[in-house]
Amino acid sequence: NIVGSEFAMLYFVDRGTVARVLQQEVLPLNAKFTDAAKWPAFFLPAMLSMSAKLESKFVDACRGAIATGEGAKCEVRFVRFDDASRRFLVELVEGSLVVVESTSRPDSRSSRHSDGGRKHSNVSPSSFPSRPSSAGGGALPNFEPLSTKDLIPGRPCAVSVLSWDDPENISFRPSSLAPIPEYMYKALSRDWETLPLLGEADIVAGSLYIAKTKTGYERVRAARLLDASLWKVFALDLGAYEEVAAADLKPLTNVGSFMKVMVIKCRLDGIIPNAPEGTWPAKAQEVLRELLEGAKKVQLVPSGDPSEAKWSCEHSVIAVPWVTCRLDVDGVDVSRRLVDSGVALQR
């Protein structure tokens with residue numbers, strides 16, 4: 001419904017809720033995302049069936065969560081689908097109900113949409129469900145790793161390569177993740193425009209920021225000050241370090257729906273460095289750059305269980321999956337090219 005000359009009442013398909021939003025903050029949805037078979041609503045309408053004892057606990061927890069701005073989470077057990085109400089009837093699992101403090105809950109459901117906010121690429125970032133970031137020295141949000149369900153051993157998976165240091169440290173995202181990263185980057189761009197500039201003294205090592213880089217905007221963690229106006233930062237969703245001017249950093253104040261660190265690491269299987277000290281020579285990175293920059297089709301074939309190994313570094317916010325694999329770029333086997341270039345040996 002249209003409310004006056006400025007607002008509209010919108011139904012949020014992926015939440016099942018209604019909220020007031022500024023009309024100027026509403027954009028048309030890309031038609032490809034209206035196919036319900038490919039993009040179903042990301043919530044289930046449900047009713048709780050429980051004993052009076054559990055019901056009292058649940059109601060008290062919810063009231064407390066609303067009063068304090070915190071969140072509540074629980075485990076439920078499916079009972080049946082109720083035809084009359086068109087909702088799933090579920091039972092609360094006793095002992096699973098917990099109140100999550102606002103500093104660590106996975107997703108705030110506070111009514112910030114009444115200020116005119118929207119979700120994903122069509123939203124004003126200041127209206128995202130809010131989580132405190134470490135900007136200014138606060139606690140880090142509880143980030144989560146990407147799922148590896150599409151990475152099945154022996155089966156090719158289309159991916160986008162994001163960065164690379166050597167054949168054992170390549171960052172990628174499964175192509176199936178689209179369009180979520182696009183939503184996030186558009187949100188960062190919008191947020192950047194609304195946030196105030198930071199003074200150089202306001203930037204704290206270990207804190208989270210939005211960085212304006214040569215290619216766009218990234219979520220980063222400040223690593224160390226290189227000189228009076230230049231910082232080395234770790235880009236969370238690239239899994240790589242970059243250098244950014246202090247003037248190009250703004251506080252990451254809203255994490256909201258984007259709790260996933262949108263990167264997975266891989267290492268090439270079947271090769272070792274062709275060097276006495278067992279480290280990869282600089283030429284290996286050159287070979288990778290020649291193959292990966294501007295690549296049109298990249299397929300990754302896992303050679304083992306992708307959930308077994310994890311990768312992290314000093315400034316990463318969580319450990320991310322680390323997949324051993326074969327990588328084919330525009331029909332070229334990357335491991336074979338490294339061997340042919342003399343920088344790797346077949347293992």
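This is a predicted model: local features need pLDDT of at least 70, side-chain atom pairs count only at pLDDT 80 or more; totals for chains, interfaces and linings use all residues.

Arg224 is found in strand S13, which covers residues 217-227. With a relative accessible area of 45%, Arg224 is classed as partly exposed, because that value lies between the 20% under which a residue counts as buried and the 50% over which it counts as exposed. When neighbours within four places in sequence are left aside, the residues in contact with Arg224 are Leu230, Trp231 and Lys232. Glu243 is 19 residues away from Arg224 along the chain, and the C-alpha atoms of these two residues are separated by 9.8 Å.

The strand pairings can be set side by side as follows.

| Strand pair | Sense | Bridges |
|---|---|---|
| S13 (residues 217-227) and S14 (residues 230-235) | antiparallel | six bridges |
| S14 (residues 230-235) and S15 (residues 240-245) | antiparallel | six bridges |

S13 and S14 form a hairpin in which two residues lie between the strands, and within this pairing Leu225 has Trp231 of S14 as its bridge partner; Trp231 is also among the residues that Arg224 contacts. S14 and S15 likewise form a hairpin, here with four residues between the strands, and Gly239 in the turn has a positive phi of about 65°. Leu230, which is in contact with Arg224, stands opposite Ala245 in S15.

Terms used
Residues are numbered from 1 along each chain as its sequence is written. Side-chain values use heavy atoms; hydrogens and water are left out. Buried means under 20% relative accessible area, exposed over 50%, partly exposed in between (1.4 Å probe, protein chains only). Contact means heavy atoms within 4.5 Å. Two strands pair if DSSP finds at least two bridges between them.
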